[in-house]
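Please keep the 3D view open while you read.

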Amino acid sequence: FLVDKGNYRHFMAKEIHEQPEVVGRTVAHYTDLSAGRVALPFELPFDPAKLDRITIVACGTAYIAGLTAKYWFERIARVAVDIDVASEFRYREPPMSRDGVTIVISQSGETADTLASLRYAKAQGQKIVGVVNVGSSTMARESDVQALTLAGPEIGVASTKAFTCQLAVLACLALAFARARGELTVEAEARYVAEFLALPGLMAEALKHERDIEAVAHDLARARDVLYLGRGTAFPLALEGALKLKELSYIHAEGYAAGELKHGPIALVDEDLPVIVIAPPDGVFEKTVSNMQEVAARGGRIVLIGGAGGAEAASLKLHASIVMPAMAPTFAAIVYALPVQLLAYHTAVFMGKDADQPRNLAKSVTVE
Ligand code: G6P
């Protein structure tokens, strides 16, 4: 069916701005908000209490959603997670238990490597949970559980709203697994569900900072290389920031776990290098501050995406700061994804690049 750009210049901008709505819709589909409980819209054909590990496989931005979810499954549900990009997974032929669970994540449900990985895991006897956006896709059909993301059609080549909806579904799955494993009290579950309920409002709030983000983008448009740093779930977001920036603006960018800074990327830091630090006020914030100090000592231009007071807490001279609303840290990545997407989008627009149709890229990679 027909999808138009509405009042936006690009589908990507429209899809970024749709996120409060589609994430809200997705969360509502997976929770009983009034009861303060997760309520999956399907039966699980396995007992999460019996799992000793889950495997996650995906490509591109969907892989980054999986990497974020690894933190949630491990910390909240106390289940170990193996995660790999599908193009490696399918040829590694990893041994898998016959009663295990594999989660595949895909917007299109048609990515060739992810589909081949799904079939491999299935042949190994795994139950497949497909986190997919297209309900009629091959992966949706071949999964034992269709965990649909209700993002609606995504037209921009670089995934945005499907990504945050994937995160929302994976967060709900992590809570459902946690409950089944006896790792979640009724109070904790109600608290997390209340955090989900707050997401659309927080995302709408985050989008109000678009002007500040545009100003940073204006500056990034002149950079040759950009480094993104983060810890915890902000680490996958650093990867996502770098991926989006190179896809859309063709500027070389790298995402790194902030703690790995001294194992390589610090050698690149000089006055010309913008360093985007994603640091919500969470348990590892102080650790990230020490990495910012290392960057600042070498003259790097730090852009902090953090909470109010983050800049003062870091007590450093920052090049710019993008302030996110206050929120509980566990699922903050779902909100912090928005400035990361907008930064890449506006940089591309400043540079006159086509944000919806970046060169050499396809929306769905259905051949190897
Ligand atoms: C392409 C798209 C990305 C997407 C990836 C995986 O590279 O440009 O935005 O994340 O494929 O696609 P999928 O449909 O499997 O999520």
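## Helix 7

Helix 7 covers residues 161-180, and at 1.5 Å a residue its 20 residues should span 28 Å; the C-alpha atoms at its ends are 29 Å apart, which agrees. The expected span here is 1.5 Å times one less than the number of residues in the helix. Helices (H or I, at least four residues) and strands (E, at least two) are DSSP runs, numbered from the N terminus.

A word on the source: this is a predicted model, in which local features need pLDDT of at least 70 and side-chain atom pairs count only at pLDDT 80 or more, while totals for chains, interfaces and linings use all residues. Residues are numbered from 1 along each chain as its sequence is written.

A residue is called buried if 20 or more other C-beta atoms lie within 10 Å of its own, exposed if 12 or fewer, and partly exposed in between, with C-beta atoms placed from the backbone. Phe 177 belongs to helix 7 and is buried, because 24 other C-beta atoms lie within 10 Å. Phe 177 is also 100 residues from Ala 77 in sequence, yet their C-alpha atoms are 5.7 Å apart in space.

After helix 7 comes Gly 182, which has a positive phi near 70°.

Thr 149 sits in the loop between strand 7 (145-148) and helix 7, and it is buried, with 32 other C-beta atoms within 10 Å. Thr 149 is 32 residues from Ser 117 in sequence and 20 Å from it in space, C-alpha to C-alpha.

Ser 159 is in the loop between strand 7 and helix 7. Why does Ser 159 count as buried? Because it has 29 C-beta neighbours inside 10 Å. The C-alpha atoms of Ser 159 and Ile 16 are 9.3 Å apart, although 143 residues separate the two along the chain.

## Helices that run side by side

Helix 3 and helix 7 have axes that come within 9 Å and cross at roughly 25°. Axes are lines fitted to C-alpha atoms, for helices over the stretch in contact, and angles run from 0 to 180 degrees between N-to-C directions. Helix 3 and helix 7 are therefore roughly parallel to each other; angles under 35 degrees count as roughly parallel, over 145 as roughly antiparallel, 65 to 115 as roughly perpendicular and the rest as oblique. Their crossing is right-handed, a term used if the near helix is turned clockwise from the far one by less than a right angle, with anticlockwise giving left-handed.

Helix 13 (residues 333-350) can be viewed with two partners. With helix 10 (residues 234-249), the axes come within 9 Å and cross at roughly 20°, so helix 10 and helix 13 are roughly parallel, and the crossing is right-handed. With helix 8 (residues 186-207), the axes of helix 8 and helix 13 come within 9 Å and cross at roughly 20°. Helix 8 and helix 13 are therefore roughly parallel as well, and their crossing is right-handed.

## Around the ligand

How many residues surround the ligand? There are 16, and the closest are Gly 60, Thr 61, Ser 106, Ser 108 and Thr 111. A residue is counted as near if its C-beta atom, placed from the backbone, lies within 6 Å. Helix 3 (residues 60-75) supplies the largest share of this shell, 3 residues.

By type, the shell divides into 6 nonpolar, 9 polar and 1 charged. Ala, Val, Leu, Ile, Met, Phe, Trp, Tyr, Cys and Pro count as nonpolar, Asp, Glu, Lys and Arg as charged, and the others, Gly among them, as polar.

Most residues other than glycine have a negative phi. Glu 93, which is not a glycine, has a positive phi of about 50°. Glu 93 lies in the loop between helix 4 (86-92) and strand 5 (101-106) and counts as exposed, with 9 C-beta neighbours inside 10 Å.

Asn 360 has a positive phi too, near 65°. Asn 360 is placed in the segment after helix 13, and with 6 C-beta neighbours inside 10 Å it counts as exposed.
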